[in-house]
Amino acid sequence: MVRYIIRRLLWVIVLLIVVSFVTFTIFYLLPSADPAVLRAGRAPNPALIAHIRHVLGLDRPFYVQYWRYIKAVILHFDFGYSYQFSQPVKSLILSRLPATISLTVGAVVIWVSVGVTAGAVSAIRRRSFLDRFTMIGSLVAISAPSYWLGLISLLLFSKDIGKFHIFDGANTYVGLTANPGRWFGSLILPWLVLAASLAAFYARLLRSNLIEAMSEDYIRTARAKGLRERRVIWRHGVRAAITPVVTALGIDIGFLLGGAVLVETVFNIPGVGRLAYDGIQNSDLPIIQGTVLFGAFFIVIANLVVDIAYAFLDPRVRYT
Amino acid sequence: MSPLLDVRDLRVSFHTEDGVVHAVDGVSYSVDTGRTLGIVGESGSGKTVSSLTTLGLTRSRSTTISGEILFEGEDLNTMSADRLRRIRGNEITMIFQDPLSSLHPFYKVGWQLVEAMRTHRSIPKAAARERAAELLDLVGIPDPRRRVDQFPHEFSGGMRQRAMIAMALANEPKLLIADEPTTALDVTVQAQILALLDDLQRRLGMAIIIITHDLGVVAETADEIAVMYAGRIVERGTAEQIFNSPQHPYTWGLLQSIPRLNTPRGQELVPISGRPPSLINRPSGCFFHPRCPYVREAHKRIDPRLEAVEGDPGHEVACLLEQEVRSRIWRGLQQGRTPAELAALAQPEAVSQTGQAPSLAEGPSA
C-alpha cells in the first residue's frame with residue numbers, strides 16, 4: 001500500500017510538469033493578448049513595451065521562459081509574480097483559497113445530503129410519483145448550466161435585484177472570520193446553485209446503483225435473516241451502492257477546490273476560480289499557470305485519495 | 001400432532017406487464033421435526049417461489065398469495081410482516097444457491113453471523129463473535145477464529161456455503177430451507193455439504209427442506225420427495241417410492257437424466273425434450289402434455305389431480321395414464337428402452353387389449 005502511494009505520488013509530479021508545460025505552450029502559441037502591451041498604460045510607446053517585455057522575460061525564447069518558470073517552482077516553490085497585481089502568485093492563490101473552500105464545503109454538504117437521500121428514496125420507491133418527480137427534477141437540474149442558474153437565482157431571489165428579496169446577492173461575500181453571519185448569508189445562493197446539478201447527478205447515480213444492488217442475492221439473504229427493511233436498505237443496499245458515489249465525490253471536491261470558476265464569477269466571490277478568470281481576462285500568464293497547476297494538483301490528489309479510499313470501501317480491492 | 005410446517009393449497013401468482021404468472025398453483029406439503037423434504041423440479045417449476053413465500057419474501061403489491069402456511073399451527077401467510085420477520089432468520093432460516101453472491105461482499109463473515117444473531121436475540125457483541133467462531137467450527141471450517149475476520153471473497157466456494165449454513169444455524173432454527181444448496185459447487189464439495197446438512201440435522205434435530213433440480217441430491221438425504229412441475233406437485237412419496245416405483249413421466253425423465261455409475265457404457269442419458277411451459281399461458285389439460293412422450297388426445301383436455309397410487313400408501317401422482325400402463329412403461333425404461341419405443345404402450349389401442357401388451361413391450365428379457 002505504501003509503495004503504491006509513493007509510486008502514485010511520483011506520477012503526480014510528472015503529471016503536473018506535463019500540465020504546466022501544456023499550459024505554457026498554449027499561452028505562448030495562442031496568447032489572448034500581449035501582456036507587455038496591457039501593462040504599458042494608455043499611451044504605450046514601443047520602447048516602454050520592449051522594456052516591460054524584457055523585465056517580464058518575454059523576450060527570451062520559449063524554452064528559456066519555461067525552464068526559468070519550472071526551475072523556480074521546483075526549487076523555491078515560487079510561482080512567479082502576477083503581471084496585473086505585482087504580487088506573488090502563491091500568496092494570491094492562498095489568499096483566495098478560503099473563499100473557494102467555503103463555497104466547496106457548503107455545497108458538498110448540500111449536494112451529498114440531498115443527492116443521497118433523493119437517490120435512495122427514488123430507488124426504493126421506484127416508479128412511484130415521488131421517484132418520477134425526483135428524476136424529472138434532477139434532469140432539469142443537470143441540464144441547467146450553473147452560470148444560467150446563478151443569474152436566474154440572482155434575478156429571482158437576491159436582495160438587491162431579485163423579484164423576491166430573500167437572499168444576499170452577488171458581491172456580498174465576506175470571510176468567515178470577519179462575520180460568520182454574513183459569510184453564511186452571502187453563500188446560500190452560491191451553495192444552492194453549485195449543489196443543484198451535482199445533487200441531481202448524485203441522486204441519479206445512487207438510484208441506479210441502489211436499484212441494482214437491491215436485486216442482488218445478498219439483499220435476499222439480508223431479508224431472509226429477518227433484518228428490518230430499513231437496515232436491509234441502508235446497511236446492505238446503500239453500503240454496496242455508495243462506492244461509485246464516493247468516487248465521484250472525491251473527484252468533484254478536488255475539481256471544485258481548484259476553483260468553481262463560473263459560480264465564483266457570477267456571484268463575484270473572490271476565490272481561486274475568480275482569480276483564474278481574471279488572469280485569463282488580463283493575459284496574466286503566471287496567474288493562469290498557477291491556478292491551472294493548483295487545480296490540476298487538487299484533481300490528481302483527489303484521484304489518489306479516491307483510489308486509496310477504494311481499498312477501504314471495497315475489501316476486495318488490494319494495491320501492491 | 002400436526003407437523004412443524006404444513007403448507008396447504010398454496011397459490012402464488014405475480015402480476016407482471018406480460019400477464020399473470022401462476023408460479024405456484026395449489027401446492028400442499030408438510031415436513032416434521034427431524035425429517036427432510038426434498039422438493040424437486042426444473043427452474044421455473046415454482047419450488048423456490050413456494051419456499052420464499054413461506055418466509056414472506058414474495059409479498060408485494062403485485063403478488064397474490066392464497067392458501068395456508070401453518071408453522072407450529074400458526075398461519076404465516078396471514079401473519080403481520082413484523083411478526084413474520086421475527087420468525088424469519090430465527091425459527092425458519094434459508095440458504096441459497098450461489099454462496100458467493102449470497103454473502104455481502106463488503107462485510108466480514110463474522111460480522112454477518114453476528115448480525116444474524118443480534119437481530120433476533122440480545123446477546124453481547126463479544127459473546128456473539130465467540131459463537132460465530134463456534135458456528136464456523138461446527139460447519140467444519142478450519143481455523144474458525146481467523147476465519148471470522150475474513151471477507152467472503154477470501155473463502156472458497158464450499159467454505160462460503162458452509163458459512164451460509166453457519167449463519168442459518170446461528171439462531172438454532174426449527175426449519176432450514178436449502179434452496180439448491182449445492183448447485184454452484186463442485187461435485188466433491190456437493191457431497192460434503194449434503195453430508196454436513198445430514199449430520200447437522202441429526203445433531204440439532206431440525207426439519208430441512210431441500211430444493212433442487214437434481215434428484216441425485218435428495219437421493220441420500222430426503223425422507224420424502226415432492227416433484228414439482230409448472231407450479232404444481234405432480235408426484236409425491238417417500239424417497240424410496242420415488243426412486244423405486246416412480247409413477248409420473250416427468251419423474252422418469254428426471255431419473256433418467258441422472259448419470260449413474262452402473263449405466264451401461266454407451267447408453268446415453270435421456271434428456272426431457274422440450275422446455276418448461278410458460279407460467280403465464282399454461283398448456284391446456286395436463287401441464288406436462290406438450291413434453292410427454294406418452295400423451296393421448298384426451299390428456300390435452302383433462303387436468304389431472306394428485307391421486308393415491310394403489311397399493312402404495314403415501315405415494316401420490318397426478319397422471320392420467322392407468323397405473324398398469326405406467327408400471328409397464330417404467331419397466332421398459334429400466335430395461336434401457338427409449339421413451340420413443342415405449343410411447344405406443346400408452347396409446348388407447350394398446351391398453352384396450354386388457355393388459356395384453358403388444359409385442360414391442362415384451363423385450364428380450366421378458
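In the predicted model, strand β8 of chain B is largely enclosed by the rest of the structure, because 6 of its 6 residues are buried. Burial extends to both faces of β8(B): B:Ala207, B:Ile209 and B:Ile211 are buried on one side, and B:Ile208, B:Ile210 and B:Thr212 on the other.

The pairing of β8(B) was examined next. Strand β7 of chain B (residues 175–179) pairs with β8(B) (residues 207–212) in the parallel sense over 5 bridges. Within this pairing, B:Leu176 has B:Ile208 as its bridge partner, and B:Asp179 stands opposite B:Ile211. Strand β3 of chain B (residues 36–40) also runs parallel to β8(B) and is joined to it by 5 bridges; here B:Gly38 stands opposite B:Ile210. These strands belong to an open sheet of 8 strands in chain B, with the order β6-β7-β8-β3-β9-β10-β12-β11 and mixed pairing. The edges of the sheet are formed by β6 (92–95) and β11 (307–308) of chain B, each of which pairs on one side only. Helix α7 of chain B (residues 157–169) lies across β6 and β7 of chain B, and its direction makes an angle of about 170 degrees with that of β6(B).

Chain B was assigned three domains: domain 1 comprises 1–91 + 173–230, domain 2 comprises 100–170, and domain 3 comprises 252–267 + 281–354. The centres of domain 1 and domain 2 of chain B, taken over C-alpha atoms, are separated by 23 Å. Contact between these two domains involves 13 residues of domain 1 and 12 residues of domain 2 of chain B. On the domain 1 side, helix α8 of chain B (residues 187–204) supplies the largest share, 5 residues. By class, that side of domain 1 has 9 nonpolar, 3 polar and 1 charged residues.

Chain A has a secondary structure of 14 helices and 0 strands. The C-alpha trace of chain A spans about 85 × 60 × 35 Å along its principal axes. Of its 320 residues, 39% count as buried. Among contacts in chain A between residues at least 6 apart in sequence, 67% join residues at least 24 apart.

The largest nonpolar core contains 176 residues, and those with the most contacts inside it are A:Ala195, A:Leu206, B:Leu113, B:Ala166 and B:Val227. Helix α8 of chain A gives the most to this core, with 19 residues. When residues up to four places away in sequence are not counted, A:Ala195 touches A:Ala107, A:Ile110, A:Trp111 and A:Val114. In soluble globular proteins, nonpolar side chains tend to be buried together.

A:Ile188 is located in helix α8 of chain A (residues 180–214). A:Ile188 is classed as partly exposed because 16 other C-beta atoms lie within 10 Å, whereas a buried residue requires 20 or more. The C-alpha atoms of A:Ile188 and A:Asp168 are 7.8 Å apart in space, although the two residues are 20 residues apart in sequence.

Further along chain A, helix α13 (residues 272–281) includes the buried residues A:Val272, A:Gly273, A:Arg274, A:Leu275, A:Ala276 and A:Gly279. After α13(A) comes A:Ser283, which has a positive phi near 50 degrees.

The contact between the chains takes 16 residues from chain A and 23 residues from chain B. On the side of chain A that touches chain B, the elements giving two or more residues are α9 (217–224) and α10 (229–241) of chain A. The largest share of this side, 6 residues, comes from α9(A). By class, the side of chain A that touches chain B has 5 nonpolar, 3 polar and 8 charged residues.

Technical notes
Residues are numbered from 1 along each chain as its sequence is written. Chains are lettered from A and ligands numbered from 1 in the order in which they are written. This is a predicted model: local features need pLDDT of at least 70, side-chain atom pairs count only at pLDDT 80 or more; totals for chains, interfaces and linings use all residues. Helices (H or I, at least four residues) and strands (E, at least two) are DSSP runs, numbered from the N terminus. A residue is buried if 20 or more other C-beta atoms lie within 10 Å of its own, exposed if 12 or fewer, and partly exposed in between; C-beta atoms are placed from the backbone. A nonpolar core is a set of buried Ala, Val, Leu, Ile, Met, Phe, Trp, Tyr and Cys residues joined through C-beta atoms within 7 Å. Two residues are in contact if their C-beta atoms, placed from the backbone, lie within 7 Å. Two strands pair if DSSP finds at least two bridges between them. Axes are lines fitted to C-alpha atoms, for helices over the stretch in contact, and angles run from 0 to 180 degrees between N-to-C directions. Ala, Val, Leu, Ile, Met, Phe, Trp, Tyr, Cys and Pro count as nonpolar, Asp, Glu, Lys and Arg as charged, and the others, Gly among them, as polar. Domain bounds come from an automatic or database domain assignment.
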